[in-house]
Amino acid sequence: KYSAGMTAKTEKLSYDFGKNYGESTTPTHGEGYLGTLDSQGFKFYKDQNLMIFTGKTHIVIDEKQLKG
């Protein structure tokens, strides 16, 4: 599971508990064992366990974590 241990931070977040949906249009920074990422925002769909990073997004994957 790639999201295990990942933390994402942003300054503003709008979340609708009735729809289990959240989004941010402010810069977002995330880090975890797989690496780091920076984006201009995100959309989060809790029911689908899906987070989509929006806008310009930069991802750095720690090569040591790749298998194969």
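**A strand and its sheet**

Strand β3, covering residues 21–24, has a covered face made of G22 and S24 and an uncovered face made of Y21 and E23. Strands here are DSSP runs of E with at least two residues, numbered from the N terminus, and two of them pair if DSSP finds at least two bridges between them. The model is predicted, so local features need pLDDT of at least 70, side-chain atom pairs count only at pLDDT 80 or more, and totals for chains, interfaces and linings use all residues. Residues are numbered from 1 along each chain as its sequence is written, while side-chain values use heavy atoms, leaving out hydrogens and water.

Partners of β3

- Strand β2 (residues 14–16) runs antiparallel to β3 and is joined to β3 by three bridges, with Y15 standing opposite G22.
- In the hairpin of β2 and β3, four residues lie between the strands, and N20 takes a positive phi near 55 degrees.
- Strand β6 (residues 41–45) also pairs with β3 in the antiparallel sense, over four bridges, and here G22 stands opposite F44.

The sheet as a whole

- Four strands form an open sheet in the order β2-β3-β6-β7, with antiparallel pairing.
- Because β2 and β7 (50–54) stand at the edges with a single partner strand each, one side of each is left without a neighbour in the sheet.

Methods: Buried means under 20% relative accessible area, exposed over 50%, partly exposed in between (1.4 Å probe, protein chains only).
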